[in-house]
Amino acid sequence: MTVKIRKLLVQVDETRIEMGQQVQPATRKAVAMAVIENPFAGRYVENLDPLIAIGEELGELLGHKCVQALGIEPSQAQSYGKAAIVGEMGELEHAAAILHPKLGAPLRKAVEKGAALVPSSKKRGGLGTAIDVPLGHKDAAFVRSHFDAVEARVSDAPRPNEIVVAVAITDSGRPLPRIGGLQVHEIKGEDGLR
Amino acid sequence: MIEIRRTFTHVEDIHHEFGPVADVPLKRGYIGVVLTNPFAGRYEPDILPMMEALNEVGVSMAHQLLDAMAIPAERIESYGKGAIVGGAGELEHGALWHVPGGYAMRELLGWKGSRQAYAKGQAEVKTGQPGNGLSIVSSTKKVGPPSATLDIPLTHINASYVRSHFDAIEGRVPGAPRADELVYFLAMAAGPRVHARVGGLKAADISLWDGQR
């Protein structure tokens, strides 16, 4: 099954000044969203393999869209996250099928490495529902400066039979990180955690 | 006077809206720029210097939006603008955006008119098709809280009455404006509504080149 996309949206959020302090370089977060048809809306289907395949397709598409929008090399990506909003005729498990089994591999390819878990969130929602996509460093989940989130929202989606799938990639951490913890320069990048 | 805190670009490709899938998806986009409101928390009678200072902001935003949309300026068919003023400001601070926002996009799209006349609100006599970006850049504005949405109207760049291009795009910058901030928006689209079919003046039938028909 090929994914049926109604809309594709890409946003870039660039912060230059936070609380009067210059942020240099500016922090930049990209979110790419696809509004897709939920092939299983309104009925219980045991086997969710088609949605797993859709997840794989979207991992590549949305990952590339983010990297492209940031105008960076894949290796320059620093943190990532993913999320889905299921329209009211779908079930949370549909979001899980898209997000968890196969979306990660092509997304990691889009950012070159990606030893760390891709943090995620999911919910059921209606038109204009916002979801906070968690962000974590792509190679070491414990990097404290990169714990963050970015909002994903589509004003006219999801319709009841749709799913909004979002992938977020940044080339930076929070604007003014200063609460300690594991630093980027201390990353070993082997176990995905530190 | 001008302090840019954040920029936010949004680009979308609409493949269909439950009708036939478009051969070329409709591309629409907006940019929101978050500025410090230098007049927050007080009544300032003379705010016009900021209007002048915003010209540069407008030009750079228009270019940044077009870059994000990744299409040539010739493909832009409709535009709009807007402003959300944070709670410690007044609506009039949003109105500062009318001239610099409109001027920036119209020039980018090939407008050949006089910026001075435009700033003064004077009309110009036109014959034939004098460039592009002839029509008024329609707008909305409001005072709002962080993450407020603004429906930014879109109309055809050369004739306001082209019915297929009447549209709007929801602008929103998560977390902005804070009370002492302003968010100014520019929006552009590369075509009519994806399933436009309610008749009226067509873009191909523009003949007066007066910005309206």
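What share of the contacts in chain B with a separation of 6 or more is accounted for by residues 24 or more positions apart? The share is 77%, where two residues are in contact if their C-beta atoms, placed from the backbone, lie within 7 Å.

Before selecting anything, note that this is a predicted model, in which local features need pLDDT of at least 70 and side-chain atom pairs count only at pLDDT 80 or more, while totals for chains, interfaces and linings use all residues. Residues are numbered from 1 along each chain as its sequence is written, and chains are lettered from A and ligands numbered from 1 in the order in which they are written.

**Chain B as a whole**

Select chain B, which has 4 helices and 7 strands; helices (H or I, at least four residues) and strands (E, at least two) are DSSP runs, numbered from the N terminus. The radius of gyration of chain B, taken over C-alpha atoms, is 17 Å, close to the 17 Å that the globule rule (2.2 Å times the number of residues to the power 0.38) gives for 213 residues, so chain B is as compact as a globular protein of that length. Its C-alpha trace spans about 50 × 45 × 25 Å along the principal axes. Buried residues make up 46% of the 213 residues in chain B, a residue being buried if 20 or more other C-beta atoms lie within 10 Å of its own, exposed if 12 or fewer, and partly exposed in between.

**Where the chains meet**

Next, show both chains and look at the contact, which takes 15 residues from chain A and 17 residues from chain B. On the chain A side, the largest share, 13 residues, comes from strand 1 (residues 5–18) of chain A. Strand 1 of chain A runs antiparallel to strand 1 (residues 4–14) of chain B, and 9 bridges join them; two strands pair if DSSP finds at least two bridges between them. To find a landmark here, select A:V10, which stands opposite B:V11.

**The nonpolar core**

Now turn to the largest nonpolar core, which has 99 residues; such a core is a set of buried Ala, Val, Leu, Ile, Met, Phe, Trp, Tyr and Cys residues joined through C-beta atoms within 7 Å. The members that touch the most others are A:M33, A:I98, A:V165, A:A166 and A:A168, while helix 1 (residues 49–70) of chain A supplies the largest share of this core, 9 residues. Selecting A:I98, and not counting residues up to four places away in sequence, you will find that A:I98 touches A:L51, A:I54, A:G55, A:L58, A:A84, A:L103, A:I163 and A:V165.

From there, move to A:L58, which lies in helix 1 of chain A and is buried, with 29 other C-beta atoms within 10 Å. A:L58 and A:R43 are 15 residues apart in sequence and 23 Å apart in space, C-alpha to C-alpha.

**Strands of chain A**

Finally, select strand 5 (residues 130–137) of chain A, which pairs with strand 3 (residues 79–86) of chain A in the antiparallel sense over 2 bridges; A:S79 stands opposite A:H137. Strand 5 of chain A is also joined by 6 bridges to the antiparallel strand 6 (residues 148–153) of chain A, where A:D132 stands opposite A:E151.

A:K123 is partly exposed, with 14 other C-beta atoms within 10 Å, and, leaving aside its neighbours within four places in sequence, A:K123 is in contact with A:I85 and A:I131.
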